[in-house]
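Visitor: I would like to go through this model with a few questions. Please show it to me.

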Amino acid sequence: MSLNLLHSPELKADYAASLCQQFGLTLATEAVGWHLAWQDNALVLRHSELPKQGDIVVDFASGAASYRRLHGGGKGEAIAKACGLNKKRDLTVLDATAGLGRDAFVLASLGAKVTLVERNPAVAALLFDGLRRAAAITELNWLGERMQLLHSSALEALQQHGAVDVVYLDPMFPPRDKTALVKKEMRAFHDVVGSDTDADALLAPALKLAQKRVVVKRPGYADFLAEKAPTMSVTGKNNRFDVYINAAI
């Protein structure tokens, strides 16, 4: 699903053209439904008829991402333990389902070199713009070396990418209670991105590619990916990380 990029006088024409070319977007003069727009020097995802939805933006320099980098559990976080960053800093990680890049940012801030794979054009464009803005911030001067974006399907990336230490998978999963209000951001993702119906098919190529381990993020209530039991699981506050070990770190 490709979205329109709304024309704005503040959006430089060459940058708009670059976004359209890289991610298959269409420049539009009118906003209809979900679309990408330019707000305060940042690319945002919004809905023309849902003003209370709020803008979705990738921002590595402030908000939740910054707080987690500065005040999170660091190497003691469940995701860090699951990926092996509590043992070794400079691991290479392929995040095959990057989304808004928050987990990838945590891994990179702990020293990993992360390739962010995102197949959805709109989400990939948001990531690209978030990386662009972060590159101009002094305290994030390491980010350009540790986070690289790859606009591709997860399956293609797993089949074509060079060897990495860790493959990280965080496929979309339907909420357990369908009557509960899903977070606004998740609602947008389900609308724009849809469900990862092919998630089970990712485990086998991930295990083939990863030199050290595959880590799968799951809701606590969810079954194992592809019904394959992991070597171990690391439980976080809201999620579980299933770890499939190929070799010691």
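**Contacts, sheet, core and rings**

Guide: Asp242 touches Val214, Val215, Val216, Arg218, Phe224, Pro230, Met232 and Ser233, leaving out residues up to four places away in sequence. Bear in mind that this is a predicted model.

Visitor: Is Asp242 buried or exposed, and in which strand is its place?
Guide: Asp242 has a relative accessible area of 0%. Buried means under 20%, so the residue counts as buried. The place of Asp242 is in strand 11, residues 239-245.

Visitor: With which side chain does the side chain of Asp242 make a polar contact?
Guide: A polar contact requires N or O atoms within 3.5 Å. For the side chain of Asp242 the distance is 2.7 Å, and the partner is the side chain of Ser233.

Visitor: Which strands stand at the edges of the open sheet of seven strands?
Guide: The strand order is 7-6-5-8-9-11-10, with mixed pairing. Each edge strand has a single partner, so one side of each is left without a neighbour in the sheet. These are strand 7 (147-151) and strand 10 (232-235).

Visitor: What does helix 5 lie across, and at what angle does it run to strand 7?
Guide: Helix 5 covers residues 121-134. It lies across strand 6 (113-118) and strand 7, and its angle to strand 7 is about 155°.

Visitor: How many aromatic pairs are there, and why is the pair of Tyr15 and Trp38 classed as it is?
Guide: The count comes to five aromatic pairs. The ring centres of Tyr15 and Trp38 are 5.8 Å apart. Their planes stand at 70°, and an angle over 60 degrees is the criterion, so the pair is edge-to-face.

Visitor: How many residues apart in sequence are the parts that the pair of Tyr15 and Phe128 ties together?
Guide: The rings of Tyr15 and Phe128 are stacked, 6.3 Å centre to centre with 25° between the planes. Tyr15 lies in helix 1 and Phe128 in helix 5, so the pair ties together parts whose separation in sequence is 113 residues.

Conventions
Residues are numbered from 1 along each chain as its sequence is written. This is a predicted model: local features need pLDDT of at least 70, side-chain atom pairs count only at pLDDT 80 or more; totals for chains, interfaces and linings use all residues. Side-chain values use heavy atoms; hydrogens and water are left out. Two strands pair if DSSP finds at least two bridges between them. Helices (H or I, at least four residues) and strands (E, at least two) are DSSP runs, numbered from the N terminus. Contact means heavy atoms within 4.5 Å. Axes are lines fitted to C-alpha atoms, for helices over the stretch in contact, and angles run from 0 to 180 degrees between N-to-C directions. Buried means under 20% relative accessible area, exposed over 50%, partly exposed in between (1.4 Å probe, protein chains only). A polar contact is a pair of N or O atoms within 3.5 Å; within protein, one must be able to donate a hydrogen and the other to accept it, and residues adjacent in sequence count only if both atoms are side-chain atoms. Rings of Phe, Tyr and Trp (its six-membered ring) pair if their centres lie within 6.5 Å; planes under 30 degrees apart count as stacked, over 60 as edge-to-face and the rest as tilted.
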